[in-house]
Amino acid sequence: MRHIPFLALTALSAAPAKLPLSGTVTAPPGGNVQGTYVIACPPKGDGCDEQGTVSTQVTASGKSSAFTLNLDRPGPYRLLAWKDVNGNGDIDDGDYLARLQGQDGSALDVQAPRAKVQLALRKVGEAPSAPAASTPAPTTGVKAVTPTPSIKKGIPGYVTGQVFNSLGRPLKGAFVTIDPAVSGYFNNSLGTFETDANGAYKARLTPEVSWKATASAKVTWQDQPMCLPGTPFGDGGGFFAQDGAVRHFKLDVNVADLNLHQEYAFSANPVERPRYIGDNNVNRFRLGLKPLGPLVDGTVIAPGETTVVATKSGGVDSTTMYLRKLPLGVYELSLSYVESDGSLTPLLVHNTGRANSGFARTTVVDFDRIIGCGGSSEVEYQFPR
């Protein structure tokens, strides 16, 4: 019997309704979510801090139910759900339990406001189900290697190849699509083919046209389904049926886009007008990105800083910066303006996707605007008044 003091119901208190953290909790097969507690607690070491812990109890009966926690600060929080099936106040075998965790099984800290969080309860003492074949295996602590395809020779009339994860290892459950190389010339795609345990696929070609292959893998990011694209290596161009083509791919985690722009607020009082630099032809900024956990594939990267240059071109003024193909992860962002003498002026930043958060010295970017095989975030900045 395992007793967890911080889960005592006397410690579960409500917070002022400011920052919502919401989602859905689902019972295991044959179970009912009624009576389940959904708990958000500030992390403390490997566990939780009782102070600041907030909970809500599911009153609806059924397989699943929506929940909302109203928090008084952004976080971070650890999120879990528990149903005391035998009513003894302890978490023990037969109870229902779920926690929000990363691909490596470690607790995943979240910030509020946040929506669409999914918590799937399972019975304590029961082994978790195996991950879907299309989900890349956790790779935390595993070093990247150079992909070494075992398929090296083509078969006439077929296209064959392998798909590797971002660390260079064969990936089961990836998808390879074979389409005409000339759009509109031949409308019938050959379809999509799933890779086997060796990351391999094989498709028979028809002779009418030349073909192209693309690859991707399904993943979950910020509780939303998305894909990671495959980057071809070796001979990655079009091919003909008679060639016996071999096409290999490696997944790419550099799919995050970041848009930074200055907030311009006009005031009739000159004293209240924020400094505006849009009239400059060139502006330089110092951007800091501190990872708040592993990337989408479980790998860990070091914090980084870089100088970003914004120039007037193509109708875009020099206050806007577009950063493309960043590694997909959650970051703490800081930004400074590089003055003409080289000194740095710290700027206030705000993630526009977090409606209830204001401007501060740092902000969290998590690229949770998912479109196809990529994510994006938008950050506004302003000079301190």
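## A three-stranded open sheet

Three strands make up an open sheet with mixed pairing, running in the order S6-S1-S9; strands here are DSSP runs of E covering at least two residues, numbered from the N terminus, and two strands pair if DSSP finds at least two bridges between them. The edges belong to S6 (64-71) and S9 (114-120), and each has a single partner strand, so one side of each lacks a neighbour in the sheet. From one strand to the next, the twist averages 25°, with axes taken as lines fitted to C-alpha atoms and angles running from 0 to 180 degrees between N-to-C directions.

Looking at one pairing, S1 (residues 19-26) and S6 run in the antiparallel sense over eight bridges. Within it, Thr-26 stands opposite Ser-64 in S6.

## About the model

This is a predicted model, in which local features need pLDDT of at least 70 and side-chain atom pairs count only at pLDDT 80 or more, while totals for chains, interfaces and linings use all residues. Residues are numbered from 1 along each chain as its sequence is written, and side-chain values use heavy atoms, leaving out hydrogens and water.

## The disulfide

There is one disulfide, defined as a pair of cysteine sulfur atoms within 2.5 Å. Its partners are Cys-227 and Cys-373, with sulfur atoms 1.8 Å apart. The S-S torsion is about -105°, so this disulfide is left-handed. The pair links distant parts of the chain, 146 residues apart: Cys-227 lies in strand S16 (residues 224-233), and Cys-373 in the loop between S27 (369-370) and S28 (375-382).

Are these cysteines buried or exposed? Cys-227 is buried at 15% relative accessibility, whereas Cys-373 is partly exposed at 28%. Buried means under 20% relative accessible area, exposed over 50%, and partly exposed in between (1.4 Å probe, protein chains only).

Methods:
Helices (H or I, at least four residues) and strands (E, at least two) are DSSP runs, numbered from the N terminus.
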